[in-house]
Amino acid sequence: MNVITLLTPKAQVACLNEEWTVRQGLEKLRVGGYTALPVLSREGMYVGTVSEGDFLWNMLDDQNNTLRSMEQRPLKTIMRPGFNPAVSVRVSMADLLDQAMRQSFVPVVDDRGAFVGIVTRQTIMRKLAKPQIKAEHPSDMALA
């Protein structure tokens, strides 16, 4: 098993742009019902991940947290450095699992650092559980 077999491709992943405002990012998070989303540069490079908590702490820490101020502030100003680092498409399964234990999704980049998609913890669990489920529930075909 490798990371490509578990990958949700970029085209199917909701992402934010680092040049968006805090309000734009918050709206996309809310409308989609997400708790965290990858943030990309204009060139498609992975910049980081922003979570609900990042928005919340920013609102609590900022004295001026009106909608107007959120329309002025760039999204990249609330991002935590080093939060949810990306892995290479060449990552080992052990390293991928280690990363997935800490976050609900793992961003994946190619050799140039361009974002190619994510691997979700749920996808990993389903893939690992599938052989176990088959072993516990033999096919009804054998009874026919």
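Predicted model: local features only at pLDDT ≥ 70, side-chain atom pairs only at ≥ 80, totals over all residues.

Trainee: What makes the pair of Asn84 and Thr49 a polar contact?

Mentor: The cut-off is 3.5 Å between N or O atoms, one able to donate a hydrogen and the other to accept it. The two side chains come to 3.1 Å, so the pair falls within the 3.5 Å limit. The side chain of Asn84 also reaches the backbone oxygen of Phe105 at 3.4 Å.

Trainee: How do you know whether Asn84 is buried or exposed?

Mentor: Buried means under 20% relative accessible area. Asn84 has 4%, and is therefore called buried. It lies in the loop between α4 (67-72) and β5 (87-88).

Trainee: Which residues does Asn84 touch, leaving out those up to four places away in sequence?

Mentor: Asn84 touches Tyr46, Thr49, Gln99, Gln103, Phe105 and Pro107.

Trainee: What is the phi of Asn84?

Mentor: Asn84 has a positive phi of about 55°, although it is not a glycine. Most residues other than glycine have a negative phi.

Trainee: Tyr46 was in that contact list. Why is its pair with Phe115 called stacked?

Mentor: Rings pair if their centres lie within 6.5 Å, and planes under 30 degrees apart count as stacked. By this rule the count comes to one aromatic pair. Tyr46 and Phe115 are 6.2 Å centre to centre with 20° between the planes, and the pair is stacked. The pair links distant parts of the chain, with Tyr46 in strand β4 and Phe115 in strand β7, 69 residues apart. Both Tyr46 and Phe115 are buried.

Trainee: What puts Arg80 over the face of Phe83?

Mentor: One part of the test is that CZ of Arg is within 6 Å of the ring centre, and the other is that it is within 35 degrees of the ring normal. Arg80 lies over the face of Phe83 at 3.8 Å from the ring centre.

Trainee: Why are β3 and β4 said to pair?

Mentor: Pairing needs at least two bridges. β3 and strand β4 (residues 46-51) have five bridges, in the antiparallel sense. Pro38 stands opposite Thr49 in β4. The two strands form a hairpin with five residues between them, and Gly44 in the turn has a positive phi of about 90°.

Trainee: How many bridges join β2 to β3?

Mentor: Two bridges join strand β2 (residues 16-17) to β3, and the strands run parallel. Asn17 stands opposite Leu40 in β3. Strand β3 (residues 36-40) is mostly covered, with five of its five residues buried.

Trainee: What makes β1 and β5 edge strands?

Mentor: The open sheet has four strands in the order β1-β7-β6-β5, with mixed pairing. β1 (8-9) and β5 each pair on one side only, and these are the edge strands. Two bridges join β5 to strand β6 (residues 105-109), running parallel. Val87 stands opposite Val108 in β6, and the bridge partner of Ser88 is Val109.

Trainee: Why is β6 called largely enclosed?

Mentor: Five of the five residues of β6 are buried, so it is largely enclosed by the rest of the structure. Phe105, Pro107 and Val109 point one way from β6, and Val106 and Val108 the other way. In a regular strand the side chains alternate between the two faces of the sheet.

Trainee: How do you know that the buried residues of α2 line one face?

Mentor: In helix α2 (residues 22-32), Val22, Gly25 and Leu29 are buried. Seen down the axis of α2, its buried residues fall within an arc of 70°, so they line one face of the helix. The face turned away from the buried side carries the exposed residues Arg30 and Val31. The buried residues of α2 pack against β2, β3, β4, α3 (52-61) and α4.

Trainee: Why are the buried residues of α5 placed on the same side?

Mentor: In helix α5 (residues 93-100), Leu96, Gln99 and Ala100 are buried. They cover an arc of only 100° around the axis, which puts them on the same side of α5.

Terms used. Residues numbered from 1 in each chain as written. Heavy atoms only, no water. Buried < 20%, exposed > 50% of the residue type's maximum accessible area, 1.4 Å probe, protein only. Arc of directions from axis to C-beta. Contact = heavy atoms within 4.5 Å. Phe/Tyr/Trp six-rings, centres within 6.5 Å; stacked < 30°, edge-to-face > 60°.
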